[in-house]
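Subject: Structure for your review

Dear colleague,

Please find the structure below, followed by an account of what was found in it.

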2 protein chains.
Amino acid sequence: MMRMLHWLMTLILAAFALAGPARAEDGYDLWLRYRPLPAAQAPRVGAITVKGDSPMLQAAATELQRGLSGLSGTRVALAPTAVAGGIVVAGARDPAVTALKLPTAALGEEGYLVRAVRLSGIPVTLVTANSDRGLLYGSFALLRRLQTGSDVAETSAPKVRLRLLNHWDNLDGSVERGYAGQSLWDWWMLPDFADPRYTDYARANASIGINGTVLNNVNASADSLTAPYLAKAAALADVFRRYGIKVYLSVRFSAPVEIGGLKTADPLDPAVAAWWRAKTDEVYAAIPDFGGFLVKANSEGQPGPRDYQRSHADGANMLAAAIAPHKGLIMWRAFVYADDNPDDRAKQAYADFKPLDGKFAANVIVQVKNGAIDFQPREPFHPLFGAMPQTPLMMEFQITKEYLGMATHLAWLGPMFEETLRSDTLQKGKGSTVARVVDGSLHGHALTGMAGVANVGRDRDWAGSTFNQANWFAFGRFAWNPAADSDTVAGEWAAMTFGPDPALVDKIVGIMAGSREAVVDYTSPLGLTHQMATGHHYGPGPWVSDLKRPEWNPVYYARADRQGIGFDRTASGSNAIAQYAPAFARPLADPATTPARDLLWFHHVPWTHRMASGRTLWEELVTRYNAGVTTVAAMRRDWAALQPQIDADRFAKTATFLAVQEREARWWRDASIAYWMSVNGLPLPAGAAPPAHDLAWYKAQSYPRAPGHPG
Amino acid sequence: MMRMLHWLMTLILAAFALAGPARAEDGYDLWLRYRPLPAAQAPRVGAITVKGDSPMLQAAATELQRGLSGLSGTRVALAPTAVAGGIVVAGARDPAVTALKLPTAALGEEGYLVRAVRLSGIPVTLVTANSDRGLLYGSFALLRRLQTGSDVAETSAPKVRLRLLNHWDNLDGSVERGYAGQSLWDWWMLPDFADPRYTDYARANASIGINGTVLNNVNASADSLTAPYLAKAAALADVFRRYGIKVYLSVRFSAPVEIGGLKTADPLDPAVAAWWRAKTDEVYAAIPDFGGFLVKANSEGQPGPRDYQRSHADGANMLAAAIAPHKGLIMWRAFVYADDNPDDRAKQAYADFKPLDGKFAANVIVQVKNGAIDFQPREPFHPLFGAMPQTPLMMEFQITKEYLGMATHLAWLGPMFEETLRSDTLQKGKGSTVARVVDGSLHGHALTGMAGVANVGRDRDWAGSTFNQANWFAFGRFAWNPAADSDTVAGEWAAMTFGPDPALVDKIVGIMAGSREAVVDYTSPLGLTHQMATGHHYGPGPWVSDLKRPEWNPVYYARADRQGIGFDRTASGSNAIAQYAPAFARPLADPATTPARDLLWFHHVPWTHRMASGRTLWEELVTRYNAGVTTVAAMRRDWAALQPQIDADRFAKTATFLAVQEREARWWRDASIAYWMSVNGLPLPAGAAPPAHDLAWYKAQSYPRAPGHPG
């Protein structure tokens with residue numbers, strides 16, 4: 001007994017040694033926190049047995065050991081053979097697994113199955129799959145089920161092939177539209193030093209099924225293709241590989257001129273094609289499993305094939321030919337609008353790309369933003385979805401909140417992803433959802449993808465706030481399954497991030513659920529769009545009208561005058577609605593049958609227009625601005641009530657941020673109302689609070705050092 | 001017995017819960033790691049009793065509890081009254097302390113005494129002092145003594161009054177000469193969000209006695225004095241105050257024009273003086289205990305009084321008058337050299353400032369860099385030290401390694417600080433050391449100070465590498481005591497950072513001890529200076545000769561030609577040696593009596609000059625370059641041998657960095673030798689390895705994205 005006591009004392013000291021000073025909840029652990037579960041829920045695992053020793057399976061074993069040791073509060077051992085009550089990770093072709101005749105064929109190359117079985121007579125929890133990657137995903141799934149207090153049984157396979165983060169990270173360490181510190185990639189210290197943070201980034205991505213990362217900004221420097229930078233990218237690929245993550249690069253279309261010494265970047269010039277072939281060979285020599293190139297061409301000043309009177313297809317196909325021998329891909333962005341095109345900006349991508357349907361090489365996928373303008377708090381789905389049946393289209397969502405409050409505002413994007421993906425294009429009858437375009441099932445494409453513009457940087461909590469982490473998580477879950485349910489995903493994230501107490505999770509999900517709609521309301525209700533201040537997009541700027549290109553000005557989008565407000569996109573206006581399927585467009589021709597949320601997107605409407613609510617448009621607009629502020633105030637109160645259940649650091653940071661958000665929501669509301677009143681000359685609707693300052697005050701606000709601006 | 005077992009099991013689970021997943025040794029804890037000591041050394045503390053509850057004493061109590069709990073591996077309680085075997089923190093005027101008749105008078109306002117006593121009959125370890133700040137410092141001292149395995153008894157008081165970090169941090173988050181990430185200050189989120197990191201920064205500083213911090217770059221933006229930025233600075237001051245740290249600001253001399261709307265910043269213009277008085281009042285309204293202003297004027301393009309034909313004293317005294325009613329200080333930098341002055345750059349600060357001795361107001365202190373050029377790996381002490389007896393002079397050291405390998409190279413600066421401070425100016429006979437100028441004892445000044453240009457940023461390990469942390473630590477210890485011993489300080493830091501095993505500490509101190517001399521050897525041996533590449537100062541550029549101002553070019557400093565090398569600062573040259581005391585200057589007039597380490601600083605010497613070693617100058621130079629490389633290789637080997645004793649993360653990072661350093665030391669050596677051979681036409685000395693590349697290759701290296709460059 002005394003020896004046992006001595007042993008226990010030693011164990012206690014070891015545990016404290018492991019602990020050191022109490023660890024701050026600084027958010028670094030993300031949703032992979034693995035804190036001990038309540039005794040009733042804590043897993044009791046005999047041991048972990050991983051059959052195989054590839055780097056990916058080693059990663060799975062390490063993660064399971066880390067996660068289960070954390071969740072159970074006791075170190076769980078790895079064992080060479082299955083132990084009763086243990087966890088076994090084994091491929092579907094393992095004889096003992098095959099004997100169970102599980103439905104593994106449907107799992108494909110990336111899916112997994114987790115189930116309680118008797119394996120060669122031993123009761124275990126089995127994780128099986130057709131590949132090491134599937135086993136890694138299954139291991140993370142098992143941990144997620146435990147963290148959320150769910151039954152561990154799960155069978156799942158991704159519906160989308162490319163699940164990618166797009167980092168708008170520059171080689172100087174800045175991040176365009178980044179609100180979470182400098183670039184994760186320390187280009188200066190690469191390839192020598194592989195920061196352990198790179199591994200944790202890969203773990204987080206693998207845990208939500210992300211399988212690729214575009215390292216650099218779509219506004220790319222040609223230097224990223226030079227030998228020193230390829231060596232740096234290769235060092236990152238070496239870290240990411242064991243987590244099933246491929247590296248991709250954004251390329252500058254004029255690189256043959258800038259770093260190749262050629263006189264042209266014309267895609268039909270044989271010397272240009274040869275340069276790209278040689279450069280691509282060099283890339284693959286450095287990174288044998290390199291994923292491919294992402295290209296922003298002829299958009300916002302970027303070079304592209306149209307500089308040489310060639311089409312986007314000409315440009316994409318030339319690169320596709322260079323990379324095809326390596327089985328690489330070209331992701332070609334459809335986000336284009338031209339200096340010299342006076343037509344409605346919302347129509348230009350469709351006008352450019354629709355005629356190219358069927359003209360792209362087989363290893364090209366066209367990457368389309370969720371809406372036709374630019375990552376606004378709400379946009380109708382992009383008319384290209386469903387309109388290019390012969391062309392694989394991938395979705396581009398923005399996870400970083402360029403237009404939704406940057407780092408500070410709590411805006412859960414799950415509902416936004418869900419809203420777009422569930423939108424029914426009606427292009428092949430009812431059920432032709434955007435999700436089915438993206439997952440390839442609508443038009444039978446095997447090459448499918450979803451990209452998310454990353455919100456992560458070098459900040460300790462990765463994303464600038466705890467709740468921004470949820471948007472990274474959500475992107476992964478929706479990329480895995482475009483039919484995912486926003487509330488379910490929010491609940492998973494909340495349980496993993498704050499603990500599995502269902503009452504707490506419900507309250508947090510409640511705070512999240514209406515948060516994006518609140519941002520819509522206090523910045524751009526009823527289909528208004530792009531009302532943000534210039535350049536950095538921080539705060540309101542509905543009055544801005546002096547920028548060089550018309551479509552850079554908020555007044556271009558709101559078209560407010562004494563009589564009314566909104567952008568007429570019907571036949572009497574730009575007729576953008578004609579870019580949608582007729583069945584979808586038909587109700588949009590009439591304000592009465594247009595959803596209120598999109599009203600001013602599609603129509604110029606008199607201020608006196610009577611809404612379904614019975615209020616005039618002007619009254620409704622003010623009501624919506626107020627609703628945004630009211631919702632944020634309620635979110636803040638609801639969060640304050642959770643103080644006893646949340647650790648001090650994460651509680652305080654979110655509480656502070658919600659206070660900032662409430663202040664800024666009022667600012668948005670008041671500045672917007674003050675401006676509209678100066679345009680429409682109408683009195684403030686009865687009962688509405690007058691703006692805190694006059695319009696001149698709002699116009700005078702200036703934030704030259706607002707973050708994330710490319711400069 | 002079973003109940004005890006149950007209790008122990010509960011304790012184990014609690015300890016593991018505290019631990020969560022194993023915590024990475026990412027360097028965040030600095031020298032305040034507080035990991036459990038070996039059983040024989042672990043403190044056995046009954047409880048901690050802190051008499052008083054000011055914020056500063058609360059900080060002391062929190063730190064003692066954190067530290068002692070960590071070091072002992074068991075939670076140490078706070079108790080309202082003294083406990084046998086406990087620790088008592090009580091002011092010298094506490095009746096029970098007074099009764100002990102301890103020698104507390106000599107402690108002054110900031111010193112402390114730690115001693116085992118019987119307090120009212122109870123055996124305790126007492127920390128006492130004449131102020132809360134002294135008690136805080138004493139608490140940190142007690143923890144340091146325990147961490148280093150020393151007897152706890154210590155009596156200490158600082159010899160220097162102002163012990164300040166200077167942050168060259170810009171309002172956009174960049175850090176001039178910063179190699180550890182973005183600015184610690186998240187100006188964008190201030191004043192709303194006070195990152196917990198600010199508290200840890202304050203803890204680290206307080207632990208080494210730093211009592212002030214200049215928040216922004218000496219190349220200052222006037223905006224830092226606007227109301228929004230003063231509110232942000234005030235929020236930082238609110239965090240730092242309880243750790244005894246005052247906030248200071250760098251100011252732009254032309255601020256009255258830029259943000260005040262005045263037409264002039266002439267210090268003798270009454271409107272300018274009135275503007276500064278009002279601005280200073282505004283600063284103190286925001287920060288009642290604000291420390292003062294730091295000014296870089298008429299230097300490297302900064303505005304200053306000489307723009308209006310006024311002297312530095314005119315400028316400083318105008319600001320001093322504005323801030324005097326608040327008991328604030330002006331720190332006026334002597335780092336000046338003029339566009340239009342063709343004289344030896346090393347002479348210009350002395351020429352400008354020496355005539356102003358006695359002309360500065362009582363609340364002005366002149367801040368002088370350690371050497372007359374610019375933070376080189378080695379410089380003779382600045383001739384102003386000892387030459388301005390009527391003027392308080394404070395030392396400015398550079399902790400960030402602009403010229404000593406930036407983040408990656410291991411260069412322990414303790415020997416550099418020590419070398420400068422122990423230099424004997426001979427201005428008032430033997431023993432007139434720089435340290436005695438700085439501590440005020442040589443000329444009887446009460447206003448004394450030492451500033452260190454900070455090397456910290458938002459990187460997780462604060463300083464870009466583990467060993468860079470040692471330089472921050474050293475700065476604090478030398479500011480507290482300019483007579484400190486470099487090896488002793490290195491040993492303290494090593495024990496606190498890696499654990500108190502004396503054999504391990506000796507080995508680490510051994511690696512550190514010769515590291516700065518190695519940098520001198522592989523970059524600029526024998527008194528060479530400023531041979532770095534342009535702008536960013538990364539890597540060698542001895543051939544650079546095309547920059548606009550002569551003194552920006554490395555060739556200006558080396559003056560190498562076919563016959564010889566070095567800068568003649570004797571009477572036959574610039575006669576800079578006449579700026580030193582005659583007794584100090586005399587041996588410098590002759591190469592034979594000039595220390596070899598400073599030879600080329602003071603003399604232009606033939607390549608064939610015979611050194612004391614018996615080698616020619618050329619042979620000696622090559623020998624020194626080689627010695628630098630050899631030392632780094634040995635440091636690397638010595639570190640590799642410590643792998644079993646160092647945690648994996650910190651071991652790997654330093655190992656990687658030493659590999660980089662060895663590669664870059666070779667680069668420096670080879671590039672320099674290749675260039676000197678092109679100048680002197682001499683063959684490589686026998687036995688020396690030829691450069692790996694030809695000179696053209698070295699000249700072609702280009703690093704436009706090297707960090708820390710102001711742009």
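Is B:Tyr34 buried or exposed? With a relative accessibility of 1%, B:Tyr34 counts as buried (buried is under 20% relative accessible area, exposed over 50% and partly exposed in between, with a 1.4 Å probe and protein chains only). B:Tyr34 sits in the loop between helix H1 (2–19) and strand S1 (48–50) of chain B; helices (H or I, at least four residues) and strands (E, at least two) are DSSP runs, numbered from the N terminus. Although B:Tyr34 is not a glycine, its phi is positive, at about 55 degrees.

Some notes on the basis of the model come next. This is a predicted model, in which local features need pLDDT of at least 70 and side-chain atom pairs count only at pLDDT 80 or more, while totals for chains, interfaces and linings use all residues. Residues are numbered from 1 along each chain as its sequence is written, chains are lettered from A and ligands numbered from 1 in the order in which they are written, and side-chain values use heavy atoms, with hydrogens and water left out.

Confidence

The model scores ipTM 0.94 and pTM 0.96. For chain A the average pLDDT is 95, and 97% of the residues score at least 70; pLDDT is the predictor's confidence in each residue, from 0 to 100. Residues 6–21 of chain A have a pLDDT below 50, and this stretch makes 36 contacts in the model beyond near neighbours in sequence (contact means heavy atoms within 4.5 Å).

Backbone features

A:His537 is placed in the loop between helix H16 (515–523) and helix H17 (554–558) of chain A, and is buried at a relative accessible area of 11%.

In chain A, the peptide bond from A:Leu190 to A:Pro191 is cis, with omega near 0 degrees. A:Pro191 belongs to the loop between strand S6 (162–166) and helix H5 (196–207) of chain A. In chain B, the bond from B:Leu190 to B:Pro191 is cis, again with omega near 0 degrees, and B:Pro191 lies in the loop between strand S6 (162–166) and helix H5 (196–207) of that chain.

Buried sites in chain A

Helix H11 (residues 414–422) of chain A is largely enclosed by the rest of the structure, because 8 of its 9 residues are buried. Among them are A:Met416, A:Phe417, A:Glu418 and A:Glu419.

A:Phe360 occupies the loop between helix H10 (345–353) and strand S11 (364–369) of chain A and is buried, at 12% relative accessibility. Leaving aside neighbours within four places in sequence, its contacts include A:His312, A:Phe353, A:Met388 and A:Thr391. A:Phe360 and A:Pro392 are 32 residues apart along the chain, and their C-alpha atoms are separated by 9.2 Å.

A:Ala576, in the loop between strand S14 (564–565) and helix H18 (582–588) of chain A, is buried at 6% relative accessibility. A:Ala576 and A:Lys347 are 229 residues apart in sequence, yet 5.8 Å apart from C-alpha to C-alpha. Neighbours within four places in sequence aside, A:Ala576 is in contact with A:Asp344, A:Lys347 and A:Arg569.

Buried polar residues in chain B

B:Asn363 lies in the loop between helix H10 (345–353) and strand S11 (364–369) of chain B, and is buried with a relative accessible area of 14%. A polar atom of the B:Asn363 side chain is 3.0 Å from the backbone oxygen of B:Ala320. Beyond neighbours within four places in sequence, B:Asn363 has contacts that include B:Ile323, B:Leu329 and B:Leu447.

B:Ser69 is part of helix H2 (residues 55–72) of chain B and is buried, with a relative accessible area of 14%. The B:Ser69 side chain reaches the backbone nitrogen of B:Val76 at 3.0 Å.

The second largest pocket

The second largest pocket holds about 640 Å³ of space. Of the 33 residues that line this pocket, the closest to its centre are B:Arg177, B:Glu300, B:Tyr337, B:His537 and B:Trp552. On a 1 Å grid over the protein atoms alone, a pocket is an open set of points where a 1.4 Å probe fits, with protein on both sides within 12 Å along at least five of seven lines, and lining residues have an atom within 4 Å of a point; grid points are joined across faces, edges and corners, and a volume is the space filled by probe spheres set on the points.

Yours sincerely

How values were computed: A polar contact is a pair of N or O atoms within 3.5 Å; within protein, one must be able to donate a hydrogen and the other to accept it, and residues adjacent in sequence count only if both atoms are side-chain atoms.
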